[in-house]
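Have the structure open while you read, and tell me if anything looks off.

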Amino acid sequence: MIDARNLSKTVVTAQGNLNILNSVNLSIRAGDTVAIVGASGSGKTTLLSLLAGLDQPSAGAVFLDGECLTVMNEDGRALVRSRYVGFVFQSFHLLPNLTALENVMLPLELLARTDAKAEASNLLSRVGLHDRLTHYPNQLSGGEQQRVAVARAFATMPRVLFADEPTGNLDSGTGEQIIELLFEINREKRTTLVLVTHDDALASRCERIVHLKAGSIVNPDQFNDSIY
Amino acid sequence: MTQFIRLAIRLLVRDWRSGELNVLIMALVIAAAGTAMTGLFSDRLNRTMVTQAAAFLAADMVVTSHALLPEQWLEKARALRLDSARSTEFSSVLVHGEGILLTGVKVVTDAYPLRGRMKTMLSPATDEQETSEIPLPGTAWVEQRVLTALDLAVGDAIEIGAKLLRITRILTYEPDRRGNLLGLTPRVTMNHEDLPAARVIQPGSHVHYYFLFAGDERDMREFKTWLQGRLVPGQRIMDVYEDRPELGTAFNRAEKYLGLGSVVVVMIAGVAIAMAARRYSRRHFDMTAILRCLGVRQNRVLGLYGCQLFVLGLSASVVGCFIGWLSQEILVWYLRNLLPEHLVKPGIFAYTLAILEGLVILLGFTVAPLLQQRRVSPLRVLRRDLVPAPLNRSLVYGAGFLTISGLVWWNTGDSRLVLYFLVAASGVILALGGLVYFLLQATRSFWPYLGLNSRFGIQQLSRNAASNLSQILAFSLTFTAMIVIFLVRTDLIRSWQAQLPENAPNHFALNIFPSEWQSMRTWLESEKIEVSAFYPVIRGRLIRINGDDAGRNAPAASQAESTLHRDLNLTYTAVLPADNRIKEGRWWTYGESGQVSVEQSLAESLGVNVGDTMTFSIGSREIVVTVGSIRSVQWDTMNPNFFIMFSPGTLDGLPSTYLTSFYLPEDKRFVLNHMVKKYPSVSVLEVGLIIKQIQTILGQVTVAVEFVLVFALFAGIVVLFAAVYSDIDERIFNSCILRTLGAGRRIIRRNQCVEFVSLGLIAGVLGAVSAEMLLWLLYERIFDLPVQINWKVGLVTPLAGALLIGLFGLWVTRRTVTQSPLILIREN
């Protein structure tokens, strides 16, 4: 499903070039659940952004469902994202001017879906927010906002879901509930899940854990024994 | 596509519901209301002034001719469904008993006047009344002066040529009475049907024919264009701008001012929109990043915002237009005693224009912030600190300049004004902007020496120098515009009042013999009458320029052509009259004979320059003179003025009479009777009515001018609001962080005070300096007013800026010390 080959990312700083990722090779099969873990500054978020086509690598290539993202322009990558990809972010990224329902409707409306409202309403009920449809993000708790974000991420039935520290801004109890929800819907929809986390409990629920250290994978092809 | 537009509108409605669009909507609505109100009011006032001016012509357009017009021309007018009338004017000597009087006779057809009304009295004891009638055949209406001079009364008969006419009314007002010799002599009006019987028009008679036309504006334009190619020497088209220079000057200046006023309102409103759009754009970076992340292409994102802004602009312009219409209706009602009784309704074009202007302003000032959305990276969803690279400043300012230049040109049609605007604005932004940027950076060296009460405020200013610079430029541009509009208005009104002071001459005395003029002056002065200079008048014709036939290059229907076909009033003087200004060359010195000074517009029309020679035919002599200077003449002072003046000694030995003007207060009218007896050859002409007409128009123009100022002020307040709000999120956030770190209310408020006051002070200095620059250009090149540096502006503007922005800034940021920092941070 996702294939990263010799992926490198270098940024120019006042002190010279800084290598964030060094020749990363990674293959993720359809339906896999993968956790990318590592210390702060190890390059986790950068790797996620490259895999999702949000950024361009300095070298190497990313293939998503056989399509090479690195040769595409930004609009080409946007098209791929709209077809295959969903996101859940640490800081939720709900649009503050839209209600919970409208936030979930948005990706459906962009696909010109006529059933956007009904579908969004179903999804919000699925994440337990049927009584919060008309609430604005600043009227919702952190956990509720992340539920809305999860509902929005699954709205377009993406084949890959990328999650960046989905529990990073939540207390452990709420975080646990969100993880439960995320994996539950993931199973239902048979989505490939790639998530970045510091949370060992969350990582341990994934089939596969990728450890990053100073921009390189330290455990290539290591699978999570606790699952198998 | 429909779905896409629906989505854009839905997102817009959601933004609007959440209050996100409030500042932008307010700026847009007020911009549109301001421009609509100014535009609609100007349109009404202009069209009313033109209608009134048409009444001064008694028609929309008049063709003057020394002969009857071809029947084909009148047929063309009929084909265009134009109304037409004719007046024929000539001078005639009336004799009654022992009295002899030279009068100006006007013969009119039934439809006369097509615009305006005559006024008459049935007897000296009755009130003046407007009338749409003309004298019946066999009757005449005459001025009171005719009755007094010839000892006549209403009901008596007078003889015009071979026709005996009975006087039935006293004529008190003719709308199209002209300032020439015929117009100034005592007047008689009679019916066209009596003309053949009078037998006054013989081959070679000195007769002026006036063919009057009125009708739909478009048809009039078509007719005028059609006529222009067919005019022959001696024929001329007159309209409000060409016919009466004393009104034309006031019109031209007033139109320029109203145009400038509209542009100033647009400019200030544009600044407000630009600031509001910048904030709107910044607050949508996250939305754009999410949309990009959800797979929306760059151009589609732009299209989405573009569609939203168009809908927003159109709605705001329509609402603004309505508010503008309502406001000007209220204003018209409020000023009902000052404005003309019948103010025409605004034209549909004015409404369309107001809405279109709203959209153009929106486009010009939002295109740059909108384009920045293209640069928002989808990666911002992971790294919120990723702010899109700022746009090229030349694009930001270029779009604004282009919009304003276009609107200046559209509103004034004056490409010079556009050029001056561009020069002044670029000068301010480049020179002063650079200086401010440098100063803001330089304050960094003071940071270590500043206390807690002011350090954060100053740091905030210099740390965001680029962003604060645009805010300072917005404020200073607004100050500049407001100072300019205020001072131009004050000086224009002052100059109008100076042109026609209370004691402007209201009588002309003509035909004064050379032997009498000195004794007459002494006598008038002994009667305590203010009298202008006495000028000799010699009649002559211009025949050659630089040895060639003077008419060779004169275009048909031009001022030059009309000058060459009539006797000119020539004079000589050693002293340049106070209301004349030398534009080229120099005024002669004592003993420099053989020189001539020509009025500017005539010189242009004749193609005459300093150093050229002109040959005049005076009596049996030919006089060759050299052009020593070109002069501008202020015609509306009611002092004697001349197109052509000679240096003393040049016209020696030629027969002349003298001319002067004087102011006669109402309570000294008896002096006139004494004068007529003491100097029987002198013709005295009253011009009080003309002065009254000019004063009425100037009064209306003044009201309009002051009205524009109010709107500029209103737009200025919106800029204040929008500009302070444009960066408010960051300011509130910083203050919240300071509060959470334990900073007290006093420290925060003092720092905010230092920041806003400094901002206002700098903007005030910039605004004052650039206003002085712009005023210099405008006065010197456009309004032809004397230039002087206004020191008060230099002092008051920075202080007013500091106070205004300081107070407003503190008011807007008051929540930072009254609400929980946590709530504010969450909101932002």
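1. Start with how chain B holds together: of its contacts between residues at least 6 apart in sequence, 84% join residues at least 24 apart. Contact here means that the C-beta atoms of two residues, placed from the backbone, lie within 7 Å. Buried residues account for 44% of the 828 in chain B, where buried is 20 or more other C-beta atoms within 10 Å of a residue's own, exposed is 12 or fewer, and partly exposed is in between. Chain B has 26 helices and 23 strands, taken as DSSP runs (H or I, at least four residues, for helices; E, at least two, for strands) and numbered from the N terminus.

2. A word on the ground rules. This is a predicted model, in which local features need pLDDT of at least 70 and side-chain atom pairs count only at pLDDT 80 or more, while totals for chains, interfaces and linings use all residues. Residues are numbered from 1 along each chain as its sequence is written, with chains lettered from A and ligands numbered from 1 in the order in which they are written.

3. Now look at B:Trp588, which sits in the loop between strand S17 (580-585) and strand S18 (595-599) of chain B. Is B:Trp588 buried or exposed? B:Trp588 is buried, because 23 other C-beta atoms lie within 10 Å. Setting aside neighbours within four places in sequence, B:Trp588 touches B:Gln595, B:Gly628 and B:Ser647. Its C-alpha atom is 7.5 Å from that of B:Ala574, 14 residues away along the chain.

4. Also in chain B, strand S6 (residues 139-142) has two partners worth checking. With strand S8 (residues 163-173) of chain B, S6(B) pairs in the parallel sense over 4 bridges, and B:Trp141 stands opposite B:Arg169. With strand S9 (residues 187-191) of chain B, the pairing is antiparallel over 3 bridges, and B:Ala140 has B:Met190 as its bridge partner. Pairing requires at least two DSSP bridges between the strands.

5. Over in chain A there is an open sheet of 6 strands, ordered S6-S7-S8-S3-S9-S10, with mixed pairing. Strands S6 (85-88) and S10 (216-217) of chain A are at the edges with a single partner strand each, so one side of each has no neighbour in the sheet. Further in, S7 (residues 160-164) and S8 (residues 192-196) of chain A pair in the parallel sense over 5 bridges, with A:Phe162 opposite A:Val194.

6. Helix H4 (residues 116-126) and helix H5 (residues 142-155) of chain A pack at about 135 degrees, with axes 9 Å apart. That makes H4(A) oblique to H5(A): under 35 degrees counts as roughly parallel, over 145 as roughly antiparallel, 65 to 115 as roughly perpendicular and the rest as oblique. The residues that meet include A:Leu123 and A:Leu124 from H4(A) and A:Phe154 from H5(A). By class, the residues of this contact are 6 nonpolar, no polar and 2 charged (Ala, Val, Leu, Ile, Met, Phe, Trp, Tyr, Cys and Pro are nonpolar; Asp, Glu, Lys and Arg are charged; the others, Gly among them, are polar).

7. Finally, the interface. What does each chain put into the contact? Chain A gives 23 residues and chain B gives 22 residues. On the chain A side, helices H1 (44-51), H2 (74-84) and H3 (100-110) each supply at least two residues, and H2(A) gives the most, with 6 residues. The side of chain A that touches chain B has 10 nonpolar, 6 polar and 7 charged residues.

Conventions: Axes fitted to C-alpha atoms, helices over the stretch in contact; angles between N-to-C directions.
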